[in-house]
Amino acid sequence: MGSPCELLCELESSRDAEMMTAIVAAEAWRIEEKLSRYIDGNIIHQINSANGKPVEVDSETAQLLDFAETLFSLSEGAFDITSGVLRGAWTFDGSDNIPARPEVEALLIHVGWDKGNWQSPVLTLPGNMEIDLGGIGKEYAVDRAVNILRADSDKPFLVNFGGDLAVTGPPQARKAWTVGIEAVEQGEATQLIELRQGALATSGDARRFLKRDGVRYGHVIDPRTGWPVEEAASSITVAADTCTQAGMLSTLAMLKGASAESFLDKQSEQYWCHR
Amino acid sequence: MSRSKERSISVALATATCGLLGSSIPAVVDAQEEPNWDINTSLLYYGEDEDRVQEFSLKAIIRRLYTDDRVFTFGLTIDGLTGASPSGAIPLDSPQTITNASGNSVYTVPAGELPLDEEFRDTRVAITANWQQPVGESSQVNIGASASKEYDYLHFGLSGRFSKDFNKRNTTVSAGFAVASDENDPEGGAPIPLSSLLDIGDLSNHLGTDDKDIVDVVLGVSQVISRNLVVQANYSFSNESGYLNNPFKILSVVDATTGDTISRVAGPGGGPSHEFLFENRPNDRSKQSLYTQAKYYMDGNVLDASYRYMTDDWEIDSHTIDLRYRWPVGNDKYLEPHLRFYTQTEAEFYRLSIIDGAPLPVYASSDYRLGDFDAMTAGLKFGWKTSDNNDMSVRVELYQQSGSIPGGQIIGNQAARNNYPDLNAIIAQFSYRFKR
């Protein structure tokens with residue numbers, strides 16, 4: 001998952017805790033193996049190296065692609081799993097290394113989910129286009145883990161994959177799980193949240209940016225322009241029933257730039273936005 | 001994008017997520033910002049019977065909770081005291097007139113009654129501030145300051161405490177200190193110890209202000225024994241030095257045979273009818289105490305039992321046993337009976353009266369609080385959660401104290417009188433604690 005993953009639990013025996021941790025870890029690794037774009041031979045690798053040929057996918061991948069398509073249309077193209085190639089032009093390392101416009105334009109030709117053809121279970125992408133499910137995978141893995149835990153146990157658990165987390169219920173010893181939202185610059189929690197049920201997900205990383213001529217370019221790229229979203233928040237945390245919903249809402253809000261709060265105000269979920 | 005379209009995103013997203021994760025219907029999110037403020041307020045009434053001391057106390061403890069277990073605590077207390085307090089003089093079979101502590105008026109006590117200083121009236125305002133924060137993974141520091149002001153009294157204090165957890169946080173060892181400087185500035189000036197009460201307006205036996213310094217050191221350890229049992233032990237040492245007298249307390253000077261107070265002729269402007277001396281206590285007092293406490297949890301019930309032994313170099317030894325039992329009633333109410341037993345021996349310089357003609361003792365006080373007495377408190381607290389999940393409670397307690405005068409100190413007619421009447425008091429408290 002590219003980040004620390006943890007399972008918090010309230011159980012009578014350490015053997016049970018070890019067993020549940022092993023089950024959750026196995027599911028996380030399974031999803032990573034399957035969806036990571038860095039692993040040769042998995043379904044993502046097959047799609048990204050198909051070079052214009054159609055690829056038939058398994059049912060789980062098909063469901064994820066359906067979901068990605070829904071988000072693409074809901075966000076009017078702002079959420080796009082084909083936008084990963086733009087990383088070739090942008091490296092958010094705090095420098096003033098802003099790419100030249102033609103460089104971005106050249107990559108933008110290969111971005112756009114609507115340029116491909118998705119007829120479940122067959123995906124056909126033009127050559128040189130790639131998909132990356134990294135924007136969904138972590139939250140999806142958290143929710144999968146929670147579903148497995150719920151099916152196996154009625155005890156309280158908290159699944160935390162790199163800051164995106166969900167619980168199966170409130171702990172008994174205390175009334176709620178206490179989760180701190182970190183303000184990235186200070187490295188300390190600025191707000192504590194009592195989570196009894198549901199999930200929290202955070203988008204944003206204030207340490208990843210570029211700066212030139214006084215203009216700050218945050219790391220969230222709008223796939224329709226190829227350029228960073230202007231006035232994006234430094235971090236947005238959303239609470240929702242599932243980690244996937246929370247994660248997608250925080251990502252969509254991030255893509256809204258300056259109007260993230262007004263977008264989130266119209267949704268029915270709670271959020272915490274740092275600028 | 002239109003407003004209505006944006007609004008429908010979370011709904012469409014919920015449907016899409018349901019399709020992705022399968023048919024299982026997720027639990028509805030329940031997230032809440034942890035409160036940053038924890039405010040505890042209370043109103044307390046303490047009333048002694050027979051028109052002795054009555055006290056109303058309004059208290060607020062405001063805690064600002066920061067992340068990473070850092071806490072700032074601010075406390076404010078306002079006390080109002082009225083009523084009468086025993087002056088230290090013995091009752092007589094005839095009326096007696098006594099100059100008040102400030103030396104500017106007299107009061108007359110009817111025959112057979114314990115002399116009470118009726119002018120006991122004061123307002124106290126006290127503030128405390130405290131900062132607590134973790135140091136590293138397993139330690140905590142706490143620093144605080146306090147100040148209080150009464151009409152004739154000023155207090156400043158500083159405190160600090162360090163604690164460290166061991167053994168997977170099952171053991172906590174702590175060390176703390178407190179220093180305070182108090183200034184006593186009674187109206188008319190602090191009286192010269194063992195000087196006689198004089199006629200109205202004669203302030204020649206009064207000095208200016210007097211100070212005392214207090215140093216406390218506490219060492220403690222608490223240990224989790226099991227899931228149900230936590231025990232704690234503290235040792236504390238306390239030293240007070242400086243002006244430790246109570247400027248309002250006097251002693252009767254009595255005849256060696258009859259035990260009656262020696263008569264005196266008051267001046268034309270009025271003055272005491274008998275001979276009285278202001279008390280005198282040593283100007284240094286060191287106390288040591290050992291406190292042990294056990295808390296036992298069983299299905300929401302909590303038994304809290306503690307014992308304290310205190311000894312000081314005034315030769316007061318005391319024992320306190322305190323028992324509380326928290327008994328849940330339904331989901332959000334509880335009853336808590338409380339019993340407290342206290343006993344102490346008298347100070348070595350405690351004496352009922354001073355014998356006329358005998359050599360004057362170096363130290364003498366007839367303050368009943370320095371005497372030999374037993375006390376018991378019995379009370380009941382009822383607590384409940386309000387509809388917005390805050391805590392309210394009412395507590396009513398009865399306090400009973402009965403003391404005795406060492407046999408050898410009772411002279412002649414004194415034996416027939418009640419020199420150390422029992423004290424009964426009622427304590428009522430209402431508390432409201434809320435978070436936001």
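Tutor: Two strands count as paired if DSSP finds at least two bridges between them. Keep that cut-off in mind for this model, which is predicted.

Student: What makes strand S15 (residues 250-254) and strand S16 (residues 276-278) of chain B a pair?

Tutor: Three bridges join S15(B) to S16(B), and at least two are needed, so the two strands pair. They run antiparallel. In this pairing B:Ser252 stands opposite B:Phe276.

Student: How do you know that S15(B) also pairs with strand S21 (residues 353-355) of chain B?

Tutor: The cut-off is at least two bridges, and S15(B) and S21(B) have three, so they pair as well. The sense here is parallel. B:Ser252 stands opposite B:Ser353 in S21(B).

Student: Why is S15(B) called largely enclosed?

Tutor: Five of its five residues are buried, so the rest of the structure largely encloses S15(B). A residue is buried if 20 or more other C-beta atoms lie within 10 Å of its own. B:Ile250, B:Ser252 and B:Val254 point one way from the strand, B:Leu251 and B:Val253 point the other way, and all are buried.

Student: What span is expected of helix H5 (residues 134-152) of chain A, and what does it reach?

Tutor: H5(A) has 19 residues, and at 1.5 Å a residue 27 Å is expected. From first C-alpha to last it reaches 27 Å, close to that expectation. Its buried residues include A:Lys138, A:Glu139, A:Asp143 and A:Arg144, along with A:Val142.

Student: What makes a set of residues a nonpolar core, and which residues have the most contacts inside the largest one?

Tutor: The members must be buried residues of the listed nonpolar kinds, joined through C-beta atoms within 7 Å. The largest such core has 80 residues, and among those with the most contacts inside it are A:Val142, A:Leu165 and A:Met254. Helix H6 (residues 243-255) of chain A supplies the largest share, eight residues. Leaving out residues up to four places away in sequence, A:Leu165 touches A:Val142, A:Val159, A:Ala199 and A:Leu200, among others. A second, separate core of 19 residues includes B:Ala89, B:Ile98, B:Tyr368 and B:Ile405.

Student: How many residues of chain B are in contact with chain A?

Tutor: On chain B there are 26, in contact with 40 residues of chain A. Helix H1 (3-7), helix H2 (9-21) and strand S1 (30-33) of chain B each give two or more residues to this side. H2(B) gives the most, with ten residues. By class, the side of chain B has 13 nonpolar, six polar and seven charged residues.

Terms used
Residues numbered from 1 in each chain as written. Chains lettered and ligands numbered in written order. Predicted model: local features only at pLDDT ≥ 70, side-chain atom pairs only at ≥ 80, totals over all residues. Contact = placed C-beta atoms within 7 Å. Helix = DSSP H or I, 4+ residues; strand = E, 2+ residues; numbered from the N terminus. Nonpolar A, V, L, I, M, F, W, Y, C, P; charged D, E, K, R; others polar. Buried ≥ 20, exposed ≤ 12 C-beta atoms within 10 Å, placed from the backbone. Expected span 1.5 Å × (residues − 1).
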